[in-house]
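Visitor: I would like to go through this structure with you, beginning with the ligand. Could you set out the terms before we start?

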Amino acid sequence: MTTAPSTAPGKWTITDIPDQNGRTAVVTGANSGLGIATVEALAAAGAHVVLAVRDPERGEAAAAGVPGSVEVRRLDLADLASVREFAAAWRGDLDLLVNNAGVMNTPESSTKDGFELQFGTNHLGHFALTNLLLPHITDRVVTVSSEAHKKPGTPHINFDNLNLTGEYTPRKAYSQSKLANLLFTLELQRRLAAAHSPVRALAAHPGWATTNLQRHDGSALNRIVMRAVAQDNKAGALPTLYAAVQDLPGASYVGPDGFGEVRGAPTLVGRSPAASDPATARRLWTVSEELTGVTFPQPTGA
Ligand SMILES: NC(=O)c1ccc[n+]([C@@H]2O[C@H](COP(=O)([O-])OP(=O)(O)OC[C@H]3O[C@@H](n4cnc5c(N)ncnc54)[C@H](OP(=O)(O)O)[C@@H]3O)[C@@H](O)[C@H]2O)c1
């Protein structure tokens, strides 16, 4: 069930999530950080939530603390065989897919299929997962991006060298992957609309939230600043939840309403020009299809 954006005075909170009974959701990267907070909120509202995690043992440990209807399934987004296995096992309708998992600022390395790790995990893994699950999806796909998509120096997808070979920096690769998340949402929404599908594609970013994401960030100063200004994972998950349950237009981007979109209550926010360019979004889609071997299916709702 969805609701129109709240008109009541005050900020949107977890208590504004409408009854989710009868709905099924998949949350990737669900064992920690924003993922587990998203799971908790959806399950508390009555949804059946599948925690899609790369380590089922840690997934079970996280799920054990969640009251409500939850289950754990293995999904390694850095391995397309695992993505295919997860999608092939799916039966029945899936109301909501939350593409939340991510890695940030990792040392240069590759996925099982040879893609740069951050682009491969954050974008290509979710690209393949979404398209493979799309015939089951009935309501929406929410993909978690970041304001890092606007970082100076990386306002583009490096189509000539997606793996950034010879020019790799952890931040450049993260920014590229998060820009790809937004371009993916834009083109997915265009394709869904063209197919007259009722399914919507939306994006969200949490601002700054204290999670495990910063584990590869060696800068002590960054960590101190982070601790001082960041919100907790529950507050950081609110933009994702807002995108997941509010009646918003396709391709909407939700983030916190505070100064610099660092923290605050969820609201519609703007993308960078690079993240709004339909031609780049189409080009990225074509390249992603070629790299993953997964294509856009005709949605069942069409
Ligand atoms: N925290 C922030 O301030 C912030 C800001 C902007 C955007 N974001 C975005 O928010 C999302 C969630 O991050 P978070 O902050 O909650 O960080 P987190 O606590 O590190 O959670 C990331 C999740 O992704 C999972 N993951 C990583 N690689 C995976 C793979 N190959 N297959 C499946 N799952 C994988 C992790 O699993 P493991 O536990 O097994 O590693 C973990 O569950 C990310 O997309 C991130 O880019 C976060």
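Guide: Helices here are DSSP runs of H or I with at least four residues, numbered from the N terminus. Please note that the model is predicted.

Visitor: Which helices each supply at least two residues of the shell around the ligand?
Guide: They are α1, residues 33-44, and α5.

Visitor: And which residues come nearest to the ligand?
Guide: Of the 31 residues around the ligand, the nearest are R54, N100, Y174, A209 and T211. The shell divides into 13 nonpolar, 13 polar and five charged residues.

Visitor: What lies 2.9 Å from an oxygen atom of the ligand?
Guide: That is a polar side-chain atom of R58. The protein covers 98% of the 890 Å² of accessible area that the ligand has on its own.

Visitor: Changing topic, where is the kink in α4 centred?
Guide: The kink, of about 30°, is centred on L124. Helix α4 spans residues 117-133 and reaches 22 Å from its first C-alpha to its last, close to the 24 Å expected.

Visitor: Why is α4 described as largely enclosed by the rest of the structure?
Guide: Because 16 of its 17 residues are buried.

Visitor: What caps its N-terminal end?
Guide: E116 does, with a side-chain oxygen 2.9 Å from the backbone nitrogen of Q118. Q118 is also 9.9 Å from K172, C-alpha to C-alpha, although the two are 54 residues apart in sequence.

Visitor: Where is K172 placed?
Guide: K172 is in helix α5, residues 170-194. K172 has 24% relative accessibility, so it counts as partly exposed.

Key:
Residues are numbered from 1 along each chain as its sequence is written. This is a predicted model: local features need pLDDT of at least 70, side-chain atom pairs count only at pLDDT 80 or more; totals for chains, interfaces and linings use all residues. Side-chain values use heavy atoms; hydrogens and water are left out. The expected span of a helix is 1.5 Å times one less than its number of residues. The bend at a residue is the angle between axes fitted to the seven residues ending there and the seven starting there. Buried means under 20% relative accessible area, exposed over 50%, partly exposed in between (1.4 Å probe, protein chains only). A polar contact is a pair of N or O atoms within 3.5 Å; within protein, one must be able to donate a hydrogen and the other to accept it, and residues adjacent in sequence count only if both atoms are side-chain atoms. A residue is near a molecule or strand if one of its heavy atoms lies within 4 Å of it. Accessible areas come from the Shrake-Rupley method with a 1.4 Å probe; for residues, only the protein chains shown count as cover. Ala, Val, Leu, Ile, Met, Phe, Trp, Tyr, Cys and Pro count as nonpolar, Asp, Glu, Lys and Arg as charged, and the others, Gly among them, as polar.
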